[in-house]
Amino acid sequence: DYEPPAKKYALKDIIPDNPTYPWPSQADFVTSLLFSSPHLPFSDAQKKAVLNWARELGAQNVPSLDATKKCQLFIEDLVGQPTEKVTARSGNIFYLNDIANAIAKDYANPLTRFAMQDYPEDGGKGMTQVFNGTKMLLDLPSPPAVRVDGTIYFVNELLKDSSGAYFIPERFFLGSPSVEGGVEGSEQSDGKILYALGRAAEPTDAGFIINDEQEIIPTPIFAQSYEDLSLTNELDCGLTASSAKYGSLGPNPLREKAKGRMVYAVPLIIFMDDVSGNVSKQWNKHHAIYMSNANLPHEMLEKEFFVRFVLSSLHAAPMELMCGMKDSLRKAAESGIVTWDCRDEEEVMLIPSGLFLAGDNPMQAEECSHAGLNCNYFCRTCDVGGTKEYKASEEGYNSIFKSGNLRTPEKTTEDIQHQFEAAMKSGATTKVQSAVSSTGVRDSALASILESLVELGKKLCKQGAGLPATAKSEVTATLEKEFEELLQGATLNDAMNPLLGMNGINMHLDTPTEILHTILLGVVKYFWGQSIFLLEKAKFLHIFQSRLESVDKDGLNAPSLNADQICHYKGSLIGEHFKSLAQVMPFLVYDLVPQTVVNGWSVIGELVALVWHTTIPDTEEYLARLSRTIKDFLNITAQCAPSILISKPKFHFLIHLPAFIRCFGPAIIFSTERYESFNHVFRLSCIHSNRCAPSRDTCQLFAYQDIVKHVATGGYWFDRNVKKWVRRGAQVLCYINERPEQAHLLGISSILCEPPLPGHGKAQRMDEVQWKHTHCAKILKTSRSSISYYRSKSLVTSKGDQVDLNGHVIFRRPVDGQMLIGRIREILISHDIDKTVGHVALQVFSFGPTLHPSVFLPCLDLTKDKIVSMASDIICSVNLQHNCIDSKCVDMHQQHVLQEQIQTTRTKPVVDHQPTPHFFLNTYSIHNCDHIRLVIPEALRESPLRVTNPAEVRNLAVQQMKDKKAAKKLGDNP
């Protein structure tokens, strides 16, 4: 019998009416909140010290450490402890947090539920979210049900619409009214309509004939469900033989399983990585898996609060962990997850599935049963590659610039089976190595078994002195017996990579090119290394540092541009450094390195700005631009360093990026930056454990942190004592909202805090000015003697940017709404208490007729034209750089160095800009890149190809590699 947790842990009975429910008291709740911060973990000794400190200061009702632990056990039991033990086939033991439990919390918590989108969306021409991609729209199983006027309709069930026609829906999706003829009044709150893709069905005497052609109809015209039709005799005629291929007239199996509940699909993003559990440089390798709910918009996916820890292990292999993850996901999908939908206030059933596998390139290669980046066939997505000699030939070199034949799980499975067939034969070592090198396939889940068979085969075939050779049949029989024992009763397919048979996952196509490791820590890092080599060789590094020190950072949103740090630690930079450098490098090296390298950096700037797009207004146009930029970049690379395209596979991986964006939405969605950041939280959990059972302790720690976050932010759970769904008490309800410091400790401050209001400014002290004395009055040529304003130091734009006086912005001209670029000359705030900006004086920039021939950027001139605008017309900040190329800014002046926020006597050289009105519009800037593109005249939006003769460039690259090889050989043999 179920024993109430309150009795089990000797706590008093706590009822939902308790104002601090589920905690016994306010003191217990506040203590739990403090000790559950992901970024501020406490050891037991530290917890005891904090509690003793509070008692010494006279605090009342301070719980003991033992009472705190009992309260934690009580809360875990009440809300649900998801940690489970898993034993791998190899005997390794690890723990995981049940996936079903985490997903259930997403729907029962208002922070997540109200932000979710339950159906994939046809975004029309553009895309902004993962649910706009083709994987969710077309490839994943459809969301199973919709509700129309209180009636639930399932996919693959016959229904009747309002016109009396029969229809079998196969997919449900959202779209704008223009997708197909909409129904008046059928729009959702956001103006979208829910559609069904399916087939019309026509009743005949021989049975229903299902149309071969699919069609789209709006779901609001659904009138009678399968359940309604089954109560009549309309289904008795069955299907015709020709229509049987489309299914049956039976109910969807989920109808019975759901028992009247609404059913939703939950696609999951799964991330696996290796991470050290130590603060020191000593590597303490753990493998960890996190996940995210892909029904959330990418703006929320980026937040730490929405990353779910699943499991970690110090001992188990990555594919063993993935097998545990897969089993947990499979069980949740087969049984369905019953939870509370706090939006619609009802019980619902959830069906989870995998969407894609995020990770760095080596981990994704292992997930694909691929031999890695150093093998002959280096791409996990396609079969491009070959021997080193082939890749250095004209045919092989050109093949790197395009996609090969796409890999498939079926072909990978077949290649793995062939490797085991080779292991049973004589000469197995050579044959297995040849099988791996000729396909690029190596399954890490079976690697130890394969190695054991090869070694045993060697011993059996080894002939002792004076002894007869062992018969081949006997060797084969012994190997087969050993193989069966190693499999421990499983089949070869069961012991393989668990992702090969995972429903909804094609790991070769669902491991998207990851932009952090492939672009920033890949191709950008390679170009940085080459550029630094050239700068040091020419002794130009000090000039580069001075220019980097002088670069204008306003409107760039690139905080990692500390010139001294970057140049001093130039070989140890991280992703955020490369992300910042990619946006400014052409302004720094335009005359310090060869033009081909400058071209490379200018295309890198375009590539980074394109890839970090979060909103794609026109998918086809965007993907065409991206493909063009990638090809141009690869051609430039062939000019700069021909052999690097062979030795560094990340250049080829860029070829697949447009296809992955089409499939999963903007590339920022499958970037791993959020998960790499979460590694810090995981590392803290390892540091503050006793290291006796790291997998279990880490799972339990994250499980309790998730429980506290869930309860404290208003989530529901099922209370087995009162047999209903409940939530926190009244005092708990308002605690987080009233105390932002506690929200910060839980990692939700960025979600709860309100952004700055557009049109607000920061007034200078005691700087009241009469209207007639303002710049705005002189521009408008008006006089208002009785009106005065405050001059402001800054304002907040419509996009939420804070721009200082003399900063640069994109704004709409009040007269005709045309978008222009201007420099803020004056900001006037009215006398209102809310600091609302009344007028903004702007000095206007004009565009030059052509792009600059060296850095391929729009040229701007600061004109004498001035405009007065309203704050609402200021759209966003923008980054401009002084045109030092044409202005010949070669002189330097000394600037005092700040240390500890104090001006020292030390100085550093910075560029002394010439007083010319010539500037560049930085189109390499990621921040506000959409608005930057719109403000540019259409004739200047497309930069020219840097390489116009790609065939010649590639042929020359091949010849250069041959000449270099011949020269090296000649040098080795004088």
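Helix 2, residues 26–34, has buried residues at Ala27, Asp28, Phe29, Thr31, Ser32 and Leu33. This is a predicted model. The protein chain has a mean pLDDT of 90, and 94% of its residues reach 70 or more.

**Helix 2 and its cover**
- Asp28 lies in helix 2. Its relative accessibility is 13%, so Asp28 counts as buried.
- Beyond its neighbours within four places in sequence, Asp28 is in contact with Trp23, Pro63 and Cys71.

**Helix 4 against helix 31**
- Two packed helices are described by the angle between their axes and the distance between the axes.
- For helix 4 and helix 31, the angle is about 75° and the axes are 10 Å apart. The two helices are therefore roughly perpendicular to each other.
- Helix 4 brings Gln72, Ile75, Glu76 and Val79 to the contact. Helix 31 meets them with Gln700, Tyr704, Ile707 and Val711.
- Five of the residues in this contact are nonpolar, two are polar and one is charged.

- Seven strands make an open sheet with mixed pairing, in the order 1-2-13-12-11-15-14.
- Strand 1 (83–87) and strand 14 (337–341) are the edge strands, and each pairs on one side only.
- From one strand to the next, the twist averages 30°.
- Strand 1 pairs with strand 2 (residues 93–97) in the antiparallel sense, over five bridges. Thr83 stands opposite Asn97 in strand 2.
- Helix 5 (residues 99–108) lies across strand 2, strand 11 (262–276), strand 12 (285–293), strand 13 (308–313), strand 14 and strand 15 (346–358). Helix 5 runs at about 20° to strand 14.
- Helix 31 packs on the sheet too, touching strand 1, strand 2, strand 12 and strand 13. The direction of helix 31 makes about 170° with that of strand 13.

**Strand 21 and its partners**
- Strand 21 (residues 808–812) is mostly covered, with four of its five residues buried.
- Strand 21 runs antiparallel to strand 22 (residues 819–829), and five bridges join them. Val809 has Gly822 in strand 22 as its bridge partner.

**Strand 29 and its partners**
- Strand 29 (residues 918–921) runs antiparallel to strand 24 (residues 858–869), with three bridges joining them. Asp861 has His918 in strand 29 as its bridge partner.
- Strand 26 (residues 880–882) pairs with strand 29 in the antiparallel sense, over three bridges. His882 stands opposite Phe919 in strand 29.

**Where to read with care**
- Over residues 1–10, pLDDT stays under 50. For this stretch the model has 18 contacts beyond four places in sequence.
- Where pLDDT is low, the predicted coordinates should not be read in detail.

Conventions:
Residues are numbered from 1 along each chain as its sequence is written. This is a predicted model: local features need pLDDT of at least 70, side-chain atom pairs count only at pLDDT 80 or more; totals for chains, interfaces and linings use all residues. Side-chain values use heavy atoms; hydrogens and water are left out. Two strands pair if DSSP finds at least two bridges between them. pLDDT is the predictor's confidence in each residue, from 0 to 100. Contact means heavy atoms within 4.5 Å. Buried means under 20% relative accessible area, exposed over 50%, partly exposed in between (1.4 Å probe, protein chains only). Axes are lines fitted to C-alpha atoms, for helices over the stretch in contact, and angles run from 0 to 180 degrees between N-to-C directions. Angles under 35 degrees count as roughly parallel, over 145 as roughly antiparallel, 65 to 115 as roughly perpendicular and the rest as oblique. Ala, Val, Leu, Ile, Met, Phe, Trp, Tyr, Cys and Pro count as nonpolar, Asp, Glu, Lys and Arg as charged, and the others, Gly among them, as polar.
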